[in-house]
Amino acid sequence: MEKLNLKFEKFTAAGGRFSYTISLNKAGGFSFSSGFCKKYGIDRYPYVTLFYDKKAKAVGFSFSKEPGKGAFKLSFTKNKTASVRPNSFIRAYEIKPEIFAGRYEPKKHKTEDGEEIFYIVLERKK
C-alpha cells in the first residue's frame, strides 16, 4: 500500500461567515462582507471610487490606497467588514435604496486601461 504524504490544515473558523457579498442598505449605504474584505484584502485600501451604468443598473467599486478625485473614505469595523455611505452618488443617479436594498454577489470587470472593478447589478427586491 502506498503511503500518502498528507499535510492537513486545521480548520479553526467554526461558525465563521464565508459569504463574499456587497450589500446595499435601505439608507443608501454599501457594505462589504468580512468574507469579501478578507478574500480581496480590502483592509489595505481606505478609499473606494464608485461607478454607475444607468442602462444595466450596475454599481462598480474600485478600491485604492490614495484619495483620488471623487473617492469615498471606507469605514472598517472590528468584525472585519467595510462600508461606505455615498449619499451624493445615490442622489446623483437617483438610486432608490428602499427598492434595491439587499445582498449581491459581486463580479469583476477589467476596464480598457486595466483597472479592476468589482460590480453588482441592482435588482428590485421583494
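Rings of Phe, Tyr and Trp (for Trp, the six-membered ring) form a pair if their centres lie within 6.5 Å; planes under 30 degrees apart are stacked, those over 60 are edge-to-face, and the rest are tilted. The model is predicted, so local features need pLDDT of at least 70 and side-chain atom pairs pLDDT 80 or more, while totals for chains, interfaces and linings use all residues. Residues are numbered from 1 along each chain as its sequence is written, and side-chain values use heavy atoms, without hydrogens and water.

Begin by selecting F30, F32, F36, Y40, F61, F63 and F118, which ring pairs link into a cluster. The count of aromatic pairs in the model is twelve. One of them, F32 with F61, is edge-to-face, at 5.3 Å centre to centre and 90 degrees between the planes. F32 belongs to strand β2 (residues 30–32) and F61 to strand β4 (residues 58–64), so this pair ties together parts 29 residues apart in sequence; strands are DSSP runs of E, at least two residues long, numbered from the N terminus. F32 is buried at 1% relative accessibility, where buried means under 20% relative accessible area (1.4 Å probe, protein chains only). F61 is also buried, at 0%.

Next, display the open sheet of five strands, whose order is β5-β3-β4-β10-β9 with antiparallel pairing; two strands pair if DSSP finds at least two bridges between them. β5 (72–73) and β9 (107–110) are the edges, each with a single partner strand, so one side of each has no neighbour in the sheet. Four bridges join β9 to the antiparallel strand β10 (residues 116–121). Finally, select K108, whose bridge partner in β10 is F118.

Conventions: Buried means under 20% relative accessible area, exposed over 50%, partly exposed in between (1.4 Å probe, protein chains only).
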